[in-house]
Structures are given as C-alpha cells and as structure tokens.
Amino acid sequence: MMEAALDQDLTPKADKPEPTRWERFRKVFKGHPMAVVGLIGISMFVLVAILAPWIAPQDPYDLAKLDILDGLLPPGSTLFDGTYSVLGTDALGRDILSGVMYGLRISLFVAFTAVLVGSAIGVLLGLLAALRGGWVETIIMRAVDLKISFPGILLALMLLAIFGTGVDKVIYALIIGAWASKARLVRAVALSEMKKEYIDAARLAGLSDFRIMTRFLLPNSISPVLVVLPMSISGAIGAEATLSFLGVGVPITEPSLGLLIANGNDYLLSGKWWISIFPGLVLVAMVLCINVVSDRLRDHANPYLRAKD
Amino acid sequence: MKRTLTTLAAVATVALSGAAQADVLRMAYSSAPRSVDPYPFGGATTAGYKEHIYEALVAHDDSPLLATGWTWNSPTSLTVHLREGVKFHNGDALTARDVVYSACRMMFKIDGKRNLLTSSMGPLTDVVAVDDYNVRFDMANPYPLWIQKMKFLSVLPASGADVPDGPIQYDAEGDCGITAYPTRDDFENGDAAIGTGPYKHVVYEKEFAKMTRNDDYWGAPAKWDGVEISSVSNSGARFAGLLAGDYDLIENPTAEDISALDRNDDYTFTGKPAWRTMFVVLDVNPEGANGVSAPDGSAPLADVRVRQAMSLAINREAITSRLFGGNATVANQFAPAYRAGAPEMPALEYNPEKAKELLADAGYGDGFTLTFNAPSDRYPGGTRVAQALAQYWARIGINVELNTQPWSVFAKARRAGDMGAFFYGWGHPQGAAQMISFAFASRNKDLGLGSSNYSNYSSAAFDAAMEAWAVETDEAKANEFVADAMVAAMADLPGIPVYYTHSLWAHKADLTVDGRQDERTSAFMVSKK
Amino acid sequence: MLSFVLRRLGQSSVLVLIMSVLVFFGMYVVSDPVAVLASDDFTEEDRIALAQELGVDRPLLVQYFSFLSNVARGDFGTSFVYNRPVMDLIIERLPATLEVAFLAIGLGLIIGVPMGIYSGLNRKKRSTKSISFMTTVGYSIPNFWQALLLILVFAVWFRWLPASGRGDTTMLFGIPVSFLNLDGLSHMILPAVNLAIYKICMQTRLARSGTQEVMFQDYMTFARAKGISRARLVRRHLARNILIPIVTITGLELGGLIAFSTVTETVFSWPGIGKLLLDSIHNADRPVVVAYLILIVLMFVVINFVVDVLYALLDPRIRYT
C-alpha cells in the first residue's frame, strides 16, 4: 500500500535500472526518524489489535467474566479470577489493558473497513465519471458536490440517530462519509491521464472501456488516493470515537477506544484517571503515528518538496 | 455585576474565590426549566424552579400549603379550606376565586395545545368557590388521589387575566367565560409570573433564571436574598462548574463526582433517598416475549421460577455500593420501602447457586437467550447497572444480550410492547401504589389502572387489591390494600426491583442541604451553616 | 455568474429535500414523540389527544407534505418539546454558536498563518520541526478529549476560567453576545480555544505548504535574484499568493466548524445550536432536527458562494461563465 503510493512516475527511466519496491519504500522514510517511528507504531498497534484475543489477559466482552466487585481498581490490582490488571479496571470490572486491546481492534476494524470500502466506491465512481462522461459524470459529480457540501460528522450523527447504533451502522455512516472526496480526486487524475496518448492508442487498438479502466486508468490514478488514505483512516478513527462519545456509536458492551474514553470521562475528575487516560493515550498515539506517516507520504508526493530531498 | 468582577479577578489569575454576594444562592440544574408558565410542562427541574414562585394547595410532602386542611363531603366531593392572609407578588390577597381561576387556566389549551399536566386532573368535574376561603372540588367517581393531584395546581391571581366580575364558572375546557389568558410570553417576560411563593421572578432565559426574595411572604421568610438557577445538562460540565466556583450547589452529580469530593475540603455532598424505584420489567406472557427464546421454543419468562432465579442472581448490595458508592438503596419491593404507605417487606436474597437450581428445575439448566433493553441516556448510572445485571444473569447461565438505545427510541419500543425484558425507573409522587397500579394491574380504564402493564401480568388477588385501593378515601385502609397488592406482586415477580435512587447535591462545604424525596432542587432546602 | 448561483441553489435544494425526507421518515420510524413526552401516568386518551395536538396521528405522507407547504410559507413548525416555533429556538441560539466559531477562526488565522509562513521560510530549523510535530499532535487529539483536558486544567486545577455555560451577555443590535463583557468573554475562551486548536494546526499547515510552493515559483526566484528584501518579499508576494487556499479552506471549514460545535457545545454546555441539535435528536424533536438541517445546508450554500466570490476577487484568473 505504502509502496504503491510512491508510484508518482510510472514511466521507467531508461538510463538507470528501476528501483525495487523495497528500495523506493526505504527512500521515502530514509532520514525521517519520526516517520519510521510512526510506521513501527502503526505495525505494533495493528499487531496488538489482531492478536488481542490471544494476548489480552481477559475477554472484556464476556459478561460472565466481569464482576462489578472488581470495578474501579487502580493499575496493578488483581481481579477475582486471579487475573492481574496492569492498567486497572473500569466501573464494571473490565480490565483496561484488555479493553484497550479489544477497543483497538474495534476502532481499527471500523476505520479500515469504512475507509477501504468507501474509497473503493469512490475510486470506481471517479473512474466511471472520467471514462464515461455525459450524464453519468454529471450525476456522479453532482452527488459528490452534495456530499462534500455537508460536514461528514453531522451526516454520520444524523444517520446514526435515524438508524440506531451499532458497529455495522457506524461503518455504513463512515462509508458514506469517505467516498466523495476520493471520487473527485480520482476523476481529476483520470481525466488528465486520459489526455495522454497511450489511452488513445489503447482505444484505437480496440480495448474495451473496462480493460482501459482496469489496466491503465486504475493503476495510474490510484496513487493520490493511496497518499490520502492514511489521513482518511485516522480521520475515521477520530470520527468513530466522537460518535461513540456522543452516545450514537458502538454498543456499550463492546467498547471501542472512543467509548472507553467516554466511560472514563465521568471518572477523570474523581482521580480515577486510568480509565480514560490509557485508552485516550493509545488513541492519540495511534492517530499520531498514522498522521506522521501520512505527512511523510504527502510531503514525498509533493514535487516541490521532493526536489529538495 | 459581581460575576463580571469575579471573572476579571480570575483572568488576572488572582485566586479570588467564586463566592458571589453573601446571600445569593447560585444553583445548577441538570436540565433547563421549560417555562415560567406553571402549567404546560412537568418534569423535576421545571417543577423545582416554579415552586420558588408559585405555590399549590398541597405541599410536596402531602402537608397543606395554601390550604389549611380539607374535608371529604362524600367520596366524590372535597372541600379545601384556604389559608387567610396570603398575598400574591402583585399585592392581591388570595381567595377561593383565584383557585377556581387557576383550575381554569390549567385546563385551558394554549395555542390550541393541551398542556401536559392536564391529565393530572383525573375525573374532576367542577371547582366551586363556596366562599372566600373554601373551595369545593367535585369528581365524577371516587378519587382519593385528588389530594396528590392538588400539588399540580399552582395558584395564580385571577387579576392576571381578563375575567368578568362575579364568580368564575369552571369547565373542563378551561373556557370559564374568560376572554383572555396571559400568554406564555407574558409569563416569560415576567408580567404574568406572579405567585404567592417565597421568591419573586426577575429573569428567565431558559438556561438561566433569577429570582429575588419576596419580603411579604406569608410564611417563614426566605433564607436567601436571591436565587440564580443555571442549567447545565452535561454532568461533567456541571461538576466542573461547581469546582470552578461558578455555582454554590449542583444537582445530580454522578457517583464519580461524589468520590472526587473525598479529598476536597471546600466542597461536600448531600444525598437523600428519592421516590424512584429502578426495576426490570419482564413480559410474563405464556405465548412468549420479544427477544426471549429457549431451545425448546417455550416461554422462559412465563415460569415464575425463572423470574425468581433472575432476582436471586442479582447482588443488589454490590450494585448500590460499587456503582453508586452507597448513594442508592437496595430495593425489596416495587415502591421505595421508605415511601409513606409502603408495606413492610422482607429483604431480597442474593443466591446464585439457588438461582441455578431454580433454572434447572424450570427446565432451563442450559440457559436461554434474553435480550435485555435499557435506555442509554435516561437514568444516572443506568447503563452501568444494566451491564451489571447482564453480568449476573450471564453467570447463572442465561445468554444475555444487552441492547441500549437512546430514550426516544427506547420509549417507542416500550410503548409498542417490543421489549420482553427492559430496565425502567418509576417515581412515586402520588404514593406507594403509583407504580404497581399502572405497571402490573390488569387494564381498568375507569379506575385508571394498568395503562402501562407491559409485563402482561394478570393476577386475581393483585387486581382485587388494586381495585379496592383505587376508591378508598380512608388512608389506613388504602395502605392495607397496597400491602396486599405488593405481597402478591413480589411473589409473582412480573418485574424485579433492583434499587431505589438517591437524589444527590454537591455543594460548597459551608452549606447545609436538607434534601427531599421528590427529585427537585430548590433554594428552600439550602441554608448556610 | 447568475447561472452559477442558480445551479448552486438547485443542487442545494435537492440536498435539502433528500435530507428532509431522510430525517423526517427516519425519525418517524425510530422514535415516537408521544412516548417521549407522555409521563407514566398518562391514560390512553391522554396519549391520543397528545398525538393529535402534535399532529403525529396523521399519515406520515400527509405530515410530510403539510410540513413542506408550511416551510414554503416560511413556517418550520413548532418544537414538540419546547412548544415554541422552531425558528425562534434556532435564531435564539445561533449567535452563541457563531461568536465562538468566529473567535476560533480568528485565533486560527492570527496564530496559525504567521507560524505557517515562518515554518515555510525556515524549513530546516529546529523550531520548524517542533512546530510541525505540534501541528500533527494537535490534529491527532480527539476534540472531545481535548475539551475535557482543557476543563480539567484551566477550570478545575487553576480556576482561571469558567467551565461551562455562557455567562453574561450584552445586547448588540438586539442580539445577545458574550464577547463584549468580561464575564461572557471568559466563558467563551475555553470553547473557542477547543475549536481553535484544530484551526491553528490547519492554518499553520496551509500557510506552510503555501509558502513552500510559492517560494519555489520562478517569479520568487527572480524577485530574490533582483535583491528584493525578504520582508518585502513576504509581504508583497508571498502573503497575497498563499491567501487564496487559506481563504477558501477557512470559508469551507466554517460550516464544518459549526457542525463540529455539537461536540464542543455539549462538553462545555454552551447554549448554541449544536447542543440544541443533539438534545433534539435525543428527545425525538423532529421539527427542530429537520429545520436545523435545512438551515445548515442553506448556510453552506451561502458560505460556499461567498468563498467562491472571494476566490474570484483574489485570483483574477478565475472566471465564472
């Protein structure tokens, strides 16, 4: 994903051998320790999220395993079933460390799914608009205008207020928030791509629209989307947290990071800082890592800056 | 203005304390009073606000207020004797005519909209001024609850409207021959906001209201020169405002806020057991209940052993001590045990082993599936309690799925009967029988029974007791009927009582708060140490 | 230009229509105002009477079309909960939201733009690196969490600023505003700062990348070669050129800011329209929610339009034909 993002210039230079993906990848991050830290951070978070069911001390979603008598224990306590709670527990006896691991899972799952599906839809519609033109383009681009003229968080809030809460509903709401900007971006790139001669050549050679789209337009138009993708993901993580905080997000029995923070908010003033501080730190750290990497990718993709690299 | 000065000092980082003038009480409510007009709206904050300005015939604790007493002429007719020497804020003396006028105003549809308190009037047919200080209320059928209903009748001066001279003829439309009532705007700009209460209206701007002492008050003089009520719905913001010195007292701090005060010498809190029972409603319909299913297709909640098991599984003590820090009372019946008229009942047992046995006896040893519904934004700590209940039931082998929804969604689903098991709270402003008479009685329109029987509970013994209670004007006998009904309901458990809420106030340490059961916050309960 | 405006209006009315249908029908399916408003001791007749008075006993389509025809006459209906005209409620609260939003934008521009230009001109400096890192951190902190930390630090620990509410207001042209007296202003600071932190980061980045792009342009190289002083260069050439994206995005983000104020207003109990919206969603107060949406969309139309015009004024290459 990251590598592909750098394919700004796909026409190989004849005078030097094409760098391998790994080489190009390294070039982006070389000399940028912050970005490297961010990259490592992201990998760690993703790994923890994937492995959560195996490495978490407790299954925070199994109600029978939680006991309110274990509630609000400070970091370093032992629970009734002998589990050691490094980061303490929340009001319901949920181990914070386990909660954070599972919460990370939900937050990442929601954000990744929503952004990937949303972007895929956006890319497809953008290409379609560029390729077909005419009324197809008009309809798609008007829809994009409509969507973009309205703040995403408000739209999501409305949709969730109407359709109810739940992980699936949050994902739908975020998908609806994610597609439009990608469609606009891809259409712009694809249009400029279509002015190039090789597309004419392909058309003359009798290639179908579908072939042109998948073989030429898609690979060449997708790079800018990939560059903004991390930003979209961190945005989606934040949006999900905000929705959960406002009480229209994920269900309370399966808290995401945002909901864990919201739960702990009530306790922040009473000195039980661990409940919302740890999930909050993890959320901020994860978003930060993604944004640092995203910045790097964008700077790299920006030709003005690359000239000086 | 003092508040501005305070800010000046604060901005200059001088630690000038937030204390306002020595004798203005600044309170923060949890939601904004809806109007100064005493009639269109109910709700604890609106009621709490307006009782500073207006008074009713009967006080919140059932004692006479603007009345000095009453006499039942017959089971359908009651004469109320008015207090003499009471003056409205505009100087008018209170007479029976004002009470009739107020009853008319209460029934009147403002902008064609009936006000939400009108249903409180029950089978009232006539209000008559017998003489200056006696008012007779006539009812269509025996209605002992009328004593309670008189709490809603805030008394306004008849001079506030265009009333023809002579006696006012009451009618249920509130027409009463009155050509023009004061409008809502008249109330909100203060022109019509005239009562007999210890405080006079100064300003009302929804989230902020101000009142000043009524120096001509008929009773004990008000303790504060002025009262300011701000409304801050976010509990974190409300508590932070208290700690930041914006308010002297806030209502409904959370259990967490309270524990934050442990180490704080400047602030403390006061709790008072309130009249609300928090309980679980179970649909006992033998045809089955929504969201409840067993492998064999039977209806688990229809079996009383299952309901008993669900009650035995709950550690109520842990809920009140852990989730509320002791600021809730373990329930042993459907009305708060300390509410006047509530019967003596034994404590409810916590015994998960016995619960499992009962489940096995009932044929659900391998459990069953239960969707448990709870509103997400209605009750303080409510979602946590709902999760704790789900934990307890999960531990005796029931496969519980917890479903929390915003109140607006939850209320509709409850109304539609879509929920087989849900968490609910019911206040008892009208006495110990209030909840069970609505929630567990078979539907009886004439007596006003059973309109919220979502348990689909039907018991001959219970219904007989409730029907006898509904028409009994003798208090002692009425209480016996309540006790009979309560015993029947606790044996059958069409619902499971969990705890009684406490009203809480966090405030400056130099204040004393004498809280009330009715969940309202008023300046009357607050005094300086 | 005219056709451009007309097209915009057309698009927006489609959006308004779609949203109103969605919200109207969605809220009808999900929540029942009668169930919310009725107290526990309501009888069946009371409920029916209440439904009639709210007008929700009629078939949904009838309700919708009567709503549409009322809106056409400028009547957005009456709030179920407050029993007052929705427009009054919204107009009453709009100034509170707008003044915080403008203060936040002002802070963002005053702090962000100079910081961004500085970073753009001094790419290799350590201070630039830290500014850049700080903006990334500022971007990454969830708004609600940041709000809580602000309250914790400035209202509870230091007691410098009030934590919630709006405080005193002063009448300005008949509109109550907070920024003209100290008490009101002190109440405004935390909510405004909470919104502004994101703005500052955004403006810094915009100004930085703008500066960098402009500095690589040939005319800048040429100007530098001519020996024009750095200060003059920044003032005359740079500032004007980076202003275009900043104006555009600031304008476009005004709407987002107002939308996002739901979070800030909730945490700080600021009595603006964002809080009204959230309360109304929870209370199933459909007239308020629908009217709010329509107004927000209209506001966006106006904002976008103004931005486009400004854009055209700043950059004479752009023409609307």
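Biologist: In which loop does N252(B) lie, and is N252(B) buried or exposed?

Modeller: N252(B) belongs to the loop between β9 (249-251) and α7 of chain B, where helices (H or I, at least four residues) and strands (E, at least two) are DSSP runs numbered from the N terminus. A residue is buried if 20 or more other C-beta atoms, placed from the backbone, lie within 10 Å of its own, exposed if 12 or fewer, and partly exposed in between. N252(B) has 22 C-beta neighbours inside 10 Å and therefore counts as buried.

Biologist: On what kind of model do these values rest, and what pLDDT do local features need?

Modeller: Residues are numbered from 1 along each chain as its sequence is written, with chains lettered from A and ligands numbered from 1 in the order in which they are written. This is a predicted model in which totals for chains, interfaces and linings use all residues, side-chain atom pairs count only at pLDDT 80 or more, and local features need pLDDT of at least 70.

Biologist: Why do the buried residues of α10(B) line one face of the helix, and against which element do they pack?

Modeller: In helix α10 (residues 352-361) of chain B, the buried residues are A355(B), L358(B) and L359(B). Viewed down the axis, they fall within an arc of 100 degrees (taken from the directions from the helix axis to the C-beta atoms), so they line one face. Contact requires C-beta atoms, placed from the backbone, within 7 Å. The element against which these residues pack is α8 (304-312) of chain B.

Biologist: What is the strand order of the open four-stranded sheet in chain B, and which strands are at its edges?

Modeller: Pairing, which requires at least two DSSP bridges between two strands, is antiparallel in this sheet, and the order is β2-β3-β5-β4. Within it, five bridges join β3 (residues 77-82) to β5 (residues 134-139) of chain B, and H81(B) has N134(B) as its bridge partner. The edge strands, each pairing on one side only, are β2 (67-74) and β4 (124-131) of chain B.

Biologist: At what angle does helix α3 of chain B run to β4(B)?

Modeller: Helix α3 (residues 96-107) of chain B lies across β3, β4 and β5 of chain B. Axes are lines fitted to C-alpha atoms, for helices over the stretch in contact, and angles between N-to-C directions run from 0 to 180 degrees. The angle of α3 to β4(B) is about 165 degrees.

Biologist: How many residues does each chain bring to the contact of chain B with chain A, and which element gives the largest share of the chain B side?

Modeller: Chain B provides 28 residues and chain A 20 residues. The chain B side divides into 13 nonpolar (Ala, Val, Leu, Ile, Met, Phe, Trp, Tyr, Cys and Pro), six charged (Asp, Glu, Lys and Arg) and nine polar residues (the others, Gly among them). The largest share, eight residues, comes from α11(B).

Biologist: How does the side of chain C that touches chain B divide by residue class?

Modeller: In this contact, 42 residues of chain C meet 44 residues of chain B. Elements of chain C giving two or more residues include α8 (182-216) and α10 (230-268). The chain C side divides into 20 nonpolar, 13 polar and nine charged.

Methods: Contact = placed C-beta atoms within 7 Å.
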